[in-house]
Amino acid sequence: FILQFVGQRANYFEFWLNLLKNEFFCSFYPAMAVRMKIIPQEIGFTRYCPVQLQSLNVAHFAQWMKNPQINAVIWSSEENIQLLLEVLRQASSVPITESTTIRAAVGMMKSLFMGNHEVPSEISGRLPEFRDFFFSQLAGVFLIPNNEDVTEHIALCSEVISELKSIYLESYSGMCEQTQESFLHTLLQVMLNLFNNASIVSSLADTLLDVILFIWINTGRNTDKMWKALQDKLSSLFHFIQPVKQTKIKLIQLTLLINKMTYPQ
């Protein structure tokens, strides 16, 4: 009720948000509050905000960001930005039983950092930083404990793989060089995270490797450094059958393509 009330008071939102930070959010996210010197020492929930509150916080922040006046306030100070990022970071790593919250956080990050949402011009230079943050949270989804529901974790990770391919197809060409390389390194980290999770790797390995190799072959960042990064990470997984199989398929496809280009009919 309080968060809904605050969202309906756009003209006074800055006052209410400051009050919430000092009285409530500092208890929900104490590590962030100490780092930003909102409070002198940690109090409240020392590691994670309770998942029930996470869902509410993400939902209300998403609603707040749709209001231009409130949106401007949230981007106006480093305290507010770090609060927003901490809400999104924690919401994207809640237990798999709260997958709805994870999906909401991922959707909100995509809208804020990859979509049509406009970051204010005075902090537009930080967009690569925010995108790096988003990529990191996507990679972290593959490490969420899934003892309660492996099937749901597989479904969620499958959605993230689709999201990564969508980001490449829709946004990669418009990224700066730094963000392009960050995205490619994220793909490699996702691959390592997946193969370190025995409960889901057999269900997702072929799909992920197909996407990664598709992106690597088609990307414009075909530098020696990036190809070596792929080679080092991929070869470290050759004790699994899936990387060997997918690499073989792509080599055959590339050979046929080169042959067709070299000897056109």
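**View A. Methionine 226 sits in helix H12, residues 224-235.** This is a predicted model, where local features need pLDDT of at least 70 and side-chain atom pairs count only at pLDDT 80 or more, while totals for chains, interfaces and linings use all residues. Residues are numbered from 1 along each chain as its sequence is written, and side-chain values use heavy atoms, with hydrogens and water left out. Helices here are DSSP runs (H or I, at least four residues; strands are E, at least two), numbered from the N terminus. Methionine 226 has 0% relative accessibility, so it counts as buried. Buried means under 20% relative accessible area, exposed means over 50%, and partly exposed is in between (1.4 Å probe, protein chains only). Threonine 262 is 36 residues from methionine 226 in sequence, and their C-alpha atoms are 26 Å apart in space.

**View B. Here is the protein chain as a whole, with 13 helices and 0 strands.** Read from the N terminus, the elements go α-α-α-α-α-α-α-α-α-α-α-α-α. The C-alpha atoms fill a box of roughly 70 × 40 × 30 Å along the principal axes. Of the 265 residues, 47% are buried. The chain exposes about 13,700 Å², with carbon and sulfur atoms supplying 55% of it. These areas come from the Shrake-Rupley method with a 1.4 Å probe, and for residues only the protein chains shown count as cover. Take the contacts (heavy atoms within 4.5 Å): among those between residues at least 6 apart in sequence, 66% join residues at least 24 apart.

**View C. Trp64 is among the residues with the most contacts inside the largest nonpolar core.** A nonpolar core is a set of buried Ala, Val, Leu, Ile, Met, Phe, Trp, Tyr and Cys residues joined through side-chain atoms within 4.5 Å. The largest one has 86 residues, and Trp75, Phe113 and Phe183 join Trp64 on the most-contacts list. Leaving out residues up to four places away in sequence, tryptophan 64 touches Leu3, Val6, Gly7, Phe13, Leu17, Leu20, Ile70, Asn71 and Ile74.

**View D. Helix H4 runs over residues 51-64.** Buried residues of H4 are Gln54, Asn57, Val58, His60, Phe61 and Trp64. They pack against helix H1 (2-7), H2, helix H5 (68-74), helix H6 (78-91) and helix H7 (99-113). An α-helix has 3.6 residues a turn, so residues three or four places apart point the same way. The length checks out too: at 1.5 Å a residue, the 14 residues of H4 should span 20 Å, and the end C-alpha atoms are 20 Å apart. That expected span is 1.5 Å times one less than the number of residues.

**View E. Helix H6 is largely enclosed by the rest of the structure, because 11 of its 14 residues are buried.** The buried set is Asn80, Ile81, Gln82, Leu83, Leu84, Leu85, Glu86, Val87, Leu88, Gln90 and Ala91. Their packing partners are H2, helix H3 (30-35), H4, H5, H7 and H8. Over in helix H8 (residues 127-140) you'll find glutamine 137, which is buried at a relative accessible area of 11%. Setting aside residues up to four places away in sequence, glutamine 137 touches Arg89, Ser92 and Met109.

**View F. Glutamate 152 and arginine 103 meet in a salt bridge, 2.7 Å from N to O.** This pair links distant parts of the chain: glutamate 152 is in helix H9 (residues 150-171) and arginine 103 in helix H7, 49 residues apart. Arginine 103 is partly exposed at 27% relative accessibility. A salt bridge is a side-chain nitrogen of Lys or Arg within 4 Å of a carboxyl oxygen of Asp or Glu, and a search of the whole structure turns up 10 of them.

**View G. Aspartate 206 and lysine 245 pair up in a salt bridge at 3.2 Å, N to O.** Aspartate 206 is in helix H11 and lysine 245 in helix H13 (residues 241-262), so the pair ties together parts 39 residues apart in sequence. Both side chains belong to partly exposed residues, with a relative accessible area of 28% for aspartate 206 and 39% for lysine 245. Elsewhere, salt bridges with shared partners join Glu78, Arg126 and Glu129 into one network. Within it, arginine 126 and glutamate 129 meet at 2.9 Å, N to O, and glutamate 129 is partly exposed at 36%.

**View H. Phe1, Ile2 and Phe24 make a nonpolar surface patch of about 360 Å².** Patches take residues with over 30% relative accessible area and no salt bridge; like charges are joined within 9 Å, and nonpolar side chains (Val, Leu, Ile, Met, Phe, Trp, Tyr) within 5 Å. Phenylalanine 24 lies in helix H2 (residues 13-28) and, at 37% relative accessibility, counts as partly exposed.
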